[in-house]
Amino acid sequence: RLHHDSFLLDNDNNNNNKQYTTSNKQQESGNSRLRLLESQRSSCSPTHFMKSGDKMAQRISRPNRTLARHQQHQQHQQSKKAISALPILGMLVLAATLIRTSQMYNFDMGSQSMATEADDSVAILPDLDESSSQQSKQAAAAAHGGDDGNEAPSRLLTEAGVDVSDPELYAAHDLHGDSSTATVMGLATGYSRGTYERFVGSLRKTGYKGHIILGVAPDISESTLQYLRYRNVTTKVLKWVDCTYDVNLGKSDLLQEKGTCAYPYTDIKSRWSRFPLQRDWLEECASCTGPVLVMDVRDSVFQRDPFGPGSPVVKGLQVFEEHKNQTTEHWLTNWPIKECKNVRYKKTMLCSGTTIGTRAAMIKYLEVMYAEMQAWIKQKKCRFEIHGDDQSIHNHLFYSGQLPFATPIPNREGIVHTVGFEAAKLWNAKKKRLMKRQNMTERHAAQAPYDGASGERWLGEQFKLIDDEGYITDFDGSRSRVVHQFDRFGTPFQRWLQEHGFGSDPIPRAATRV
């Protein structure tokens with residue numbers, strides 16, 4: 001399990017252990033089945049920058065050549081016996097066939113899929129060295145139309161057949177600190193009003209002036225809708241329907257939303273539906289012309305305007321790395337990708353819970369994710385009854401070079417700071433120490449302050465994660481704009497959030513009268 005799984009809020013922990021079955025009343029039961037759409041996600045934390053991570057297509061050239069040599073060798077051995085019995089004309093035909101086979105397996109970015117799948121062996125993709133890094137940059141330049149920009153761009157297709165060669169996907173957008181055209185989107189079903197107030201309220205309090213689009217459950221309360229209208233949030237009410245994909249293809253009946261899908265995307269699992277749904281919502285919003293942040297709602301809070309003054313230029317797509325010690329060898333990515341694609345990666349984990357991009361890049365990313373999900377769900381070997389396998393797909397797409405317009409952003413160095421990995425480590429260590437040394441119960445150890453906590457500092461200075469006023473910081477000491485998976489810090493930080501107005505955002509009486 002992920003290190004931080006045991007540190008989710010009590011309500012989420014209780015839900016994790018429940019089993020759900022399909023009900024005949026889809027609208028009524030769908031909400032409870034989908035309460036964990038966001039809470040069941042992988043960990044994400046700080047890391048170092050990955051060289052040439054924005055153009056990854058060349059990562060798979062060496063494994064392709066290895067596979068080609070292996071397959072050519074097998075064909076050669078099988079042909080040797082037949083060759084001795086054939087006339088000269090037959091040998092010439094076989095030789096031409098072998099040459100054609102060899103050419104067919106050469107990697108060609110203009111015509112071949114950018115992902116690789118081994119047949120009988122697992123291909124472990126190596127780290128990029130300087131030469132392959134340069135090749136990757138050249139390949140990316142070719143996608144833009146060559147070094148001089150005058151040539152026609154090569155046509156790049158993902159494994160599922162999505163074209164990612166449009167030069168607009170690689171363009172940059174600088175808001176110059178004005179967030180009025182930006183967009184923040186999320187799927188937020190089954191939450192209390194307090195969750196909405198913390199997420200939306202903290203975002204608006206930073207001075208963010210852009211769009212907020214949230215997918216909500218059909219049974220959302222009127223008071224919550226009133227609050228969201230007050231905060232100028234566009235709500236998209238989901239509709240639960242029967243799934244059309246083969247729900248019996250899986251290995252068991254334990255999947256909580258099995259048989260229940262979000263309309264109109266009945267061909268994929270409901271917790272995956274946020275990807276095509278958010279694509280549709282973004283395309284429907286004509287005024288959403290600036291950069292876009294799609295993210296988890298329940299465990300995120302804002303400390304500064306994500307696209308406000310001083311925010312970095314957004315170029316193409318930005319994918320966010322986790323802690324350097326959290327790699328794709330983790331079971332959440334290693335197992336599903338190996339089972340489905342027969343390939344493994346030893347790379348820094350990317351978190352699928354937060355992604356940023358220009359409008360064009362985000363729409364394309366969501367399209368690529370949906371297409372890949374459609375491909376996975378049709379195959380039994382790619383069907384996993386787990387929470388968080390969208391992160392498996394997210395990492396596979398990037399590290400197989402199918403998102404050439406994406407750049408990996410080091411944690412604590414970009415717009416999003418995902419604290420999950422480090423926070424869970426600190427939380428777990430604190431509890432174990434207090435339970436062992438002071439004979440505390442787990443409950444009391446969880447509520448106890450961290451070492452070095454004093455005044456506004458809810459976490460000791462030695463950890464170098466917060467400033468003197470208690471705000472979580474980036475590596476340069478500035479306050480993080482977006483804090484993801486804050487709940488892994490447990491009670492001490494949640495108490496600080498409440499005391500500093502992050503936990504509530506009441507509607508003024510004047511606004512309610514209007």
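Cys-340 and Cys-382 are both buried in this predicted model. A disulfide joins the two, with an S to S distance of 2.0 Å. The torsion about the S-S bond is 85°, and the link of Cys-340 and Cys-382 is right-handed. Cys-340 lies in helix 9, residues 331–341, while Cys-382 sits in the loop between helix 10 (359–377) and helix 11 (389–399), so the bond ties together parts of the structure that are 42 residues apart in sequence.

This link is one of three disulfides found in a search of the whole structure. Another is formed by Cys-243 and Cys-261, whose sulfur atoms are 2.0 Å apart. The pair links distant parts of the chain, 18 residues apart: Cys-243 is in the loop between strand 6 (240–242) and strand 7 (260–262), and Cys-261 is in strand 7 itself. The torsion about the S-S bond of Cys-243 and Cys-261 is about 105°, so this disulfide is right-handed. Residues count as buried when their relative accessible area is under 20%. Cys-243 has a relative accessibility of 15% and therefore counts as buried. Cys-261, at 0%, counts as buried too.

There is also a disulfide between Cys-285 and Cys-288, with the sulfur atoms 1.9 Å apart. Because the torsion about its S-S bond is about 75°, the disulfide of Cys-285 and Cys-288 is right-handed. Both Cys-285 and Cys-288 are buried.

In soluble globular proteins, nonpolar side chains tend to be buried together. Here the largest nonpolar core has 56 residues. Leu-317, Met-362, Tyr-365, Trp-376, Leu-403 and Phe-405 are the residues with the most contacts inside this core. Helix 10 gives the most to the core, contributing 13 residues.

Leaving aside residues up to four places away in sequence, Leu-317 touches Thr-355, Ile-356, Gly-357, Ala-361, Met-362, Tyr-365, Phe-405, Ala-406 and Thr-407. Among these contacts, Met-362, Tyr-365 and Phe-405 are themselves listed with the residues that have the most contacts inside the core.

Technical notes: Residues numbered from 1 in each chain as written. Predicted model: local features only at pLDDT ≥ 70, side-chain atom pairs only at ≥ 80, totals over all residues. Heavy atoms only, no water. Disulfide = S-S within 2.5 Å. Helix = DSSP H or I, 4+ residues; strand = E, 2+ residues; numbered from the N terminus. Buried < 20%, exposed > 50% of the residue type's maximum accessible area, 1.4 Å probe, protein only. Core = buried A, V, L, I, M, F, W, Y, C linked by side-chain atoms within 4.5 Å. Contact = heavy atoms within 4.5 Å.
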